[in-house]
Amino acid sequence: MDLFTYEETKMYFYENRLKTYSGWPFEDGCACTSENMAKAGFIHTPSENSPDTAQCFFCLKELEGWEPEDDPVKEHKVHSPACSFITLKKSVNELTVEEVIKLQKEREKFLVKKKCNHIIERFEDAAKSRRAELIKMAMD
């Protein structure tokens, strides 16, 4: 995987994250406006059953069930304290090349972990199914 393709890095920028918020249910008078969500690193990833689902582009933490008073930065820090993006002390535009490389390497760790967890879950599901088949065969 190439670390620095446009697709891999475009969500580092607020404007690109903000563009994902079509149909976001919280706006005027709410703490979790699309602007505040995007500032906190979230992109809007709605589903048919969850129109308020948002995912951090960096750590991939997905949250839903937002309330109008929820502060996106606080929620992000509570649910994903290891996310390096939410703990940045400066704007992405102010980062040095070395800092960008280090940050992207951290992001790659989250991507690999998510992929591995998905593969492990599929394996465990298959193993559970196979065990059930073997038990059924043994009982017949």
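Two strands pair if DSSP finds at least two bridges between them. Strands are DSSP runs of E, at least two residues long, and helices are runs of H or I, at least four, all numbered from the N terminus. With that, strand β2, residues 54–56, is joined to β3 by two bridges, and the two run antiparallel.

Some ground rules. This is a predicted model, so local features need pLDDT of at least 70 and side-chain atom pairs count only at pLDDT 80 or more, while totals for chains, interfaces and linings use all residues. Residues are numbered from 1 along each chain as its sequence is written, and side-chain values use heavy atoms, with hydrogens and water left out.

Confidence next. pLDDT is the predictor's confidence in each residue, from 0 to 100. The protein chain has a mean of 89, and 96% of its residues reach 70 or more. Where is confidence lowest, and where highest? The lowest mean is in α1, at 71, and the highest is in β1, at 97.

Back to the sheet. Three strands form an open sheet in the order β1-β2-β3, with antiparallel pairing. β1 (42–44) and β3 (62–63) are the edge strands, each with a single partner, so one side of each has no neighbour in the sheet.

Leucine 63 is buried, at 11% relative accessibility. For that label, buried means under 20% relative accessible area, exposed over 50%, and partly exposed in between, with a 1.4 Å probe and protein chains only. From leucine 63 to asparagine 93 is 30 residues along the chain, and their C-alpha atoms are separated by 26 Å.

Most residues other than glycine have a negative phi. Leucine 60, though not glycine, has a positive phi, near 70°. Leucine 60 also counts as buried, at 16% relative accessibility.

Now the aromatics. Rings of Phe, Tyr and Trp (its six-membered ring) pair if their centres lie within 6.5 Å; planes under 30 degrees apart are stacked, over 60 edge-to-face, and the rest tilted. How many aromatic pairs does this rule give? The count is 10. Take tyrosine 12 and phenylalanine 85: their ring centres are 6.5 Å apart and their planes at 65°, so this pair is edge-to-face. The pair links distant parts of the chain, 73 residues apart. Tyrosine 12 is in the loop between α1 (6–9) and α2 (14–18), and phenylalanine 85 is in the loop between α4 (72–79) and α5 (97–139). Both residues are buried.

Another edge-to-face pair is phenylalanine 42 with tryptophan 66, at 5.6 Å centre to centre and 80° between the planes. Here strand β1 holds phenylalanine 42, and the loop between β3 and α4 holds tryptophan 66, 24 residues apart. Phenylalanine 42 and tryptophan 66 are buried too. Ring pairs also build a cluster from Tyr12, Phe57, Phe58, Phe85 and Phe110.

On to helix α5. The expected span of a helix is 1.5 Å times one less than its number of residues. For the 43 residues of α5 that gives 63 Å, and the end C-alpha atoms are 63 Å apart, which agrees. Which residues of α5 are buried? They are Leu103, Gln104, Arg107, Glu108 and Phe110. An α-helix has 3.6 residues a turn, so residues three or four places apart point the same way.

Leucine 103 is buried, with a relative accessible area of 7%. Its C-alpha is separated by 28 Å from that of serine 22, 81 residues apart along the chain. Valine 112, also in α5, is partly exposed at 48%. Valine 112 and phenylalanine 26 are 86 residues apart in sequence and 32 Å apart, C-alpha to C-alpha.

Last, the largest pocket. On a 1 Å grid over the protein atoms alone, a pocket is an open set of points where a 1.4 Å probe fits, with protein on both sides within 12 Å along at least five of seven lines; lining residues have an atom within 4 Å of a point. Grid points are joined across faces, edges and corners, and volume is the space filled by probe spheres set on the points. The largest pocket holds about 260 Å³. Its lining has 16 residues, with Arg17, Lys39, Phe85, Ser91 and Val92 nearest the centre. α2 and α4 each supply at least two lining residues. The largest share, three residues, comes from α2.
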